[in-house]
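This report goes through one protein model for a reader who has not seen it before. The sequence and the structure come first, and the description follows.

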Amino acid sequence: MLSTMIAAGITIYRLTVVVLLTLLISCTDPSIENDIGSDIEAAPSMPSTSIPGKVIDGYIAIVTVFIDLKKTFILDENEPYTTTNEKGEYTLEVAEEHKIYPLIACTNQDSVYLDTYSPSSADTSFCLSAPPILYSKTSTNNITPLTTMVQTRMAQDKVSIDDAKEILK
């Protein structure tokens with residue numbers, strides 16, 4: 001009985017996240033689907049910082065993670081990017097001047113869910129985000145549905161990270 005309730009709660013959580021992300025992504029360019037990073041060259045070298053992290057909606061492997069310099073949720077030319085490994089982890093080289101931009105993680109047709117409550121592969125492409133203020137050299141910079149909600153509040157309401165967190169309580 002308890003395991004059924006937990007599974008139902010996880011399903012409702014995932015559906016809520018999918019609906020919120022669908023609403024968020026519906027305002028962006030449809031070309032984000034399935035071809036993130038396929039024809040884009042890496043950004044030129046600049047002094048940078050390595051930013052480690054994980055993409056978590058359950059851990060997800062083979063996800064494109066990038067700094068969204070144009071704030072479009074689309075990986076554009078010259079935006080630094082990387083791909084998560086088989087554990088959903090990434091390390092992104094970020095130029096100091098780019099640390100003021102959101103961090104975006106987009107799934108694609110090759111993405112794989114690593115937890116047991118999710119399908120084994122991503123049926124639908126979607127993006128998660130994290131506010132730029134969360135970048136840190138000393139801690140893991142996870143990109144999750146919660147960081148996506150904070151980033152969305154900050155962008156839509158033009159509020160600070162603290163105000164966005166308060167709105168979401």
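## Terms and overall make-up

A residue is called buried when its relative accessible area is under 20%, exposed when that area is over 50%, and partly exposed in between. The model described here is a predicted one.

The protein has 169 residues, and 43% of them are buried. Its secondary structure consists of 3 helices and 8 strands. Read from the N terminus, the elements follow the order α-β-β-β-β-β-β-β-β-α-α. Of the contacts in the protein with a separation of 6 or more, 66% are between residues 24 or more positions apart. The exposed surface comes to about 9500 Å², and carbon and sulfur atoms supply 57% of that area.

## Helix α2

Helix α2 covers residues 145-157, which makes 13 residues. Where the helix starts, a side-chain oxygen of Thr144 comes to within 3.2 Å of the backbone nitrogen of Leu146.

Which residues of α2 are buried? They are Pro145, Thr147, Thr148, Val150, Gln151, Thr152 and Met154. In an α-helix there are 3.6 residues a turn, so residues three or four places apart point the same way. Val150, a residue of helix α2, has a relative accessible area of 7% and is therefore buried. Apart from its neighbours within four places in sequence, Val150 is in contact with Pro131, Ile161, Ala164, Lys165 and Leu168. One of these, Leu168, lies 18 residues from Val150 in sequence, with 7.5 Å between the two C-alpha atoms.

Most residues other than glycine have a negative phi. Lys158 belongs to the loop between α2 and α3, the latter being residues 161-168. Its relative accessibility is 71%, so Lys158 counts as exposed.

Ile62 is also a residue other than glycine with a positive phi, here near 60 degrees. Ile62 sits in the loop between β2 (60-61) and β3 (64-67). With a relative accessible area of 34%, Ile62 is partly exposed.

Strand β6 (residues 103-106) runs antiparallel to β8, and 4 bridges join the two. Ala105 has Leu128 as its bridge partner in β8. Within β8 (residues 127-130), Cys127 and Ser129 point one way, while Leu128 and Ala130 point the other way. All of these residues are buried.

How many disulfides does the structure hold? There is 1 disulfide, and it joins Cys106 to Cys127, with an S to S distance of 2.0 Å. The pair links distant parts of the chain, as Cys106 is in strand β6 and Cys127 is in strand β8, 21 residues apart. A disulfide is a covalent bond between the sulfur atoms of two cysteines. The torsion about the S-S bond of Cys106 and Cys127 is about 105 degrees, which means that the disulfide is right-handed. Cys106 has 0% relative accessibility and so counts as buried. Cys127 counts as buried too, because its relative accessibility is 2%.

## Asn108 in a loop

Asn108 is placed in the loop between β6 and β7 (112-113). Is Asn108 buried or exposed? Its relative accessibility is 9%, so Asn108 counts as buried. The side chain of Asn108 reaches the backbone nitrogen of Asp110 at a distance of 2.7 Å.

## Ile60 in strand β2

Ile60 is part of strand β2. Its relative accessible area is 0%, so Ile60 is buried. Leaving aside neighbours within four places in sequence, Ile60 has contacts with Val55, Thr84, Gly88, Thr107, Ser111, Val112, Tyr113, Leu114 and Phe126. Ile60 and Glu86 are 26 residues apart along the chain, and their C-alpha atoms are separated by 8.0 Å.

Note on methods:
Residues numbered from 1 in each chain as written. Predicted model: local features only at pLDDT ≥ 70, side-chain atom pairs only at ≥ 80, totals over all residues. Heavy atoms only, no water. Expected span 1.5 Å × (residues − 1). Buried < 20%, exposed > 50% of the residue type's maximum accessible area, 1.4 Å probe, protein only. Polar contact = N/O pair within 3.5 Å; in protein donor to acceptor, adjacent residues only side chain to side chain. Pairing = 2+ DSSP bridges. Contact = heavy atoms within 4.5 Å. Areas by Shrake-Rupley, 256 points an atom, 1.4 Å probe, with all protein chains shown as cover. Disulfide = S-S within 2.5 Å.
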